[in-house]
Amino acid sequence: MLAAELRLHGVRVLVLERDREPVPVVRIVGLHIRSIELMAMRGLLERIRPHARQRPAAGFFAAIDKPVPPGLDSAHAYLLGISQPVLVRLLAGHAIGLGATVRRGAAVTAVEQDDEGVTVVLSGGERLRSRFLVGCDGAHSTVRRLLGVGFPGEPARTETLMGEMQLAAPPDLIAARVAEVGGTRHRLQLRPTGSGTYSVVVPAAEVSERAAPPTLADFARELRTVAGTDFGVHSPRWMSRFGDATRLAERYRIGRVLLAGDAAHIHPPTGGQGLNLGIQDAVNLGWKLAAQVRGWAPDSLLDTYHAERHPVAEQVLDNTRAQMELHSTEPGPQAVRRLLSELMDFDEVNRYLIEKLTAIDIRYDLGDTREPRYRPDGEARERNDRHRGEAGEPGSRHRGAGRKQPGGPGADLLGRRLRDVDVRDGRLYDLLHRGRGLLLDRTERLTVGGWSDRVDHLADRTAAVDVPCLLLRPDGHVAWIGDDQQELDDHLGRWFGSPAAAATGSVG
């Protein structure tokens, strides 16, 4: 995903992949609402849909089964389950189609950097030189280790086995036994995937010191312990184990080297947030790193990657810690689980938790405390005041619930993502496929001027937002709201650098 984002801006990019072949594990992964939105922004969603199964965006906070809360602030308020190898293939094809180069069987063994660039040494002794390096190399990141970046947190206290295999037991017996045991064993899951095959998740009795995948005998033993039967498990397609270790890199940037995805943060998979967190890291970083390479990045733009994404990862680590506690079979955590389940019957509580897990509640602190010259009046001011009361004062990091408008008016929308709204002749996200900024101008009198090589301009009085103008960053987050040209120019310079000679950037 990061390679594709860089190629949208014409940056030469090389992906070094240690494995010679794609990972054969046919694991089903879930794309959450915000990741689905990002795929729509880049024109990828329609490629993904035929390979994915859509399901409601509900019932996955600590596996507490509640319905979809009303009023989710997204045109894509659902989840997509997709085979991991298929998703990898689609994203790789997208990146390569844009001009990225992928080299397999290329393991990094050393990293050196200086004021001009980074040198990478491969396992065969080959040395490669680049302007920047991003370690997207997972929980046991070689790049992070070579740079000596601290990775504080907690080691695994529990372990869970996960796999896909055939079960000989009748489906009605399986369903009945899981329903009976699942009241207290919330980490036990047996979900049919078709043709007698099940996705099996079962807690292990202890944390293993082995890094190797579990065996079928391990699954049978743990199932007998937890459910009283092994359900006749056989013919596994794949098997793996995971713990609840929770760690966060102290820094996401070290000079010309950056970290993204699991190289920057690890946590239990409860709630299915890991893949999504990494994809969202990539989209936040891509345009900023490209701006740095292309020479138009404002001072400190690249540093906003850590400033914005590190707190998001902290939030994810905290909510996965909370969910793991709620999976405990001890009386105290079970009492808290029952209480939370009652609270989730309130729509606002249910919505708050779903927005948190699906990342549509994120508001980046843009550090702009100036009052905008635009002032909503009448009904818009009332909505804005009410919205601020729900979500905190502008500029805060509070992630409030209850946002039912397609972006509330006034300053409160600053730093938040904008949903996929109707615009003239289509949808907003269709205008973001090129990964550029966008001025959505309902006054039809502003201009992006010398930034038109980096920012598109849509003059549209009919756009379904209730503010005069919005400046969107390439990641879809709102960087400015108003109707004053000088104020707009200030914010264009802040996010997109010095103006260049005028070029065509209009999209309508």
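**Helices, sheets and loops**

Analyst: Helices H8 and H9 are roughly antiparallel to each other, a label given to angles over 145 degrees, while those under 35 count as roughly parallel, 65 to 115 as roughly perpendicular and the rest as oblique. Helices (H or I, at least four residues) and strands (E, at least two) are DSSP runs numbered from the N terminus. The model is predicted, so that local features need pLDDT of at least 70 and side-chain atom pairs count only at pLDDT 80 or more, whereas totals for chains, interfaces and linings use all residues. Residues are numbered from 1 along each chain as its sequence is written, and side-chain values use heavy atoms, with hydrogens and water left out.

User: At what angle do helix H8 and helix H9 pack?

Analyst: Helix H8 covers residues 274–294 and helix H9 covers residues 304–326, with their axes 10 Å apart. Axes are lines fitted to C-alpha atoms, for helices over the stretch in contact, and angles run from 0 to 180 degrees between N-to-C directions. On that scale, the angle between H8 and H9 is about 170°.

User: How many residues of the contact of H8 with H9 are nonpolar?

Analyst: Contact means heavy atoms within 4.5 Å, and the residues that make it include Leu277 and Leu285 of H8 together with Val312 and Val316 of H9. Ala, Val, Leu, Ile, Met, Phe, Trp, Tyr, Cys and Pro count as nonpolar, Asp, Glu, Lys and Arg as charged, and the others, Gly among them, as polar. The contact has 3 polar residues and 4 charged ones, while the number of nonpolar residues is 6.

User: Is Ser300 buried, partly exposed or exposed?

Analyst: Ser300 lies in the loop between H8 and H9, and its phi is near 70°, a positive value in a residue other than glycine. Buried means under 20% relative accessible area, exposed over 50%, and partly exposed in between (1.4 Å probe, protein chains only). With a relative accessibility of 48%, Ser300 is therefore partly exposed.

User: What is the relative accessible area of Ala62?

Analyst: Ala62 sits in the loop between strand E3 (52–56) and E4, and although Ala62 is not a glycine, its phi is positive, at about 55°. Ala62 is buried, and its relative accessible area is 0%.

User: In E4, which residue is the bridge partner of Leu31?

Analyst: Two strands pair if DSSP finds at least two bridges between them, and E2 pairs with strand E4 (residues 78–83) in the antiparallel sense over 4 bridges. The partner of Leu31 in E4 is Leu80.
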